[in-house]
Amino acid sequence: MDTMVEDEILVAHFQAGGQDAFDELMKRYKHKIFSYLLRSVKNFEDAEELTIEVFVKVYRALEDWRPQARFSTWLYRIAYNLSIDHHRSKSRRMTYSLDDEELPLDEPMANDLRSNPEWQVEEKDRHRIIRDAVDRLSPNQKAVFMLNRYDGLQLNEIAEVLGIAEGTVKIHLHRAMKKLKTTLEPLWEKNEI
């Protein structure tokens, strides 16, 4: 069964009084939303708090939610808006996490290579270089790139999450990829990545 249909069935079950349906929706999406927020806010504790806040907002609004878009798209939209609010309040406070270098990335790695300490150091350095390059993208380019490449959202879903036209999403993604290629290609040529 399609996850979109399954989500809508769970929402209808919740709206009919089935609290367990919300638990299932949360179980289905909490890791994805947490991962997205962690990449956005770069602080484990803040990402945890924002993930909880996302699901509190969803719980409160789910009673009246009508499927105009995919449930997952609506969920990412809430997470995106909360991360924007977080960044705004953070920029007002001007505090930064010293732990940025230690962020885990949800990228698959071969188990046999993980046991090689030299490879682990190189891989960590690659992730840092790529993360720094992604961080230099404009806010819109970064949001589109992360939602597409890390979270696997389609262009139309990203357009709904960000509240922009699909053509604008394509432009931001194209520019992000071009900028990342320009930034990272010289490093690949030097074998630094």
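**Notebook: salt bridges in the predicted model**

I began with Arg28 and Glu6, whose side chains meet in a salt bridge at 3.1 Å, N to O; I took a salt bridge to be a side-chain nitrogen of Lys or Arg within 4 Å of a carboxyl oxygen of Asp or Glu. This pair links distant parts of the chain, for Arg28 sits in helix 2 (residues 19–41) and Glu6 in helix 1 (residues 3–15), 22 residues apart. Helices here are DSSP runs of H or I with at least four residues, numbered from the N terminus.

I note that this is a predicted model, in which local features need pLDDT of at least 70 and side-chain atom pairs count only at pLDDT 80 or more, while totals for chains, interfaces and linings use all residues. Residues are numbered from 1 along each chain as its sequence is written, and side-chain values use heavy atoms, with hydrogens and water left out.

I then looked up the accessibility of the two partners, with buried meaning under 20% relative accessible area, exposed over 50%, and partly exposed in between (1.4 Å probe, protein chains only). Arg28 is partly exposed, at a relative accessible area of 24%, and Glu6 is partly exposed with a value of 24%.

Next I turned to Lys27, which forms a salt bridge with Glu24, their closest N and O atoms lying 3.6 Å apart. Lys27 and Glu24 are separated by about one helical turn, because they are three residues apart in helix 2. Lys27 is exposed, with a relative accessible area of 59%, whereas Glu24 is partly exposed at 28%. I also found that Glu6, Asp7, Glu24, Lys27 and Arg28 are linked in a network of salt bridges.

I went on to Lys142, which lies in helix 7 (residues 139–150). Its side chain meets that of Asp135 in a salt bridge of 2.8 Å, N to O.

Last, I asked how many salt bridges a search of the whole structure finds. The search gives nine, among them the Asp135 and Lys142 pair. As a reminder to myself, side chains of opposite charge can pair when their charged atoms come close.

Notes
Helix = DSSP H or I, 4+ residues; strand = E, 2+ residues; numbered from the N terminus.
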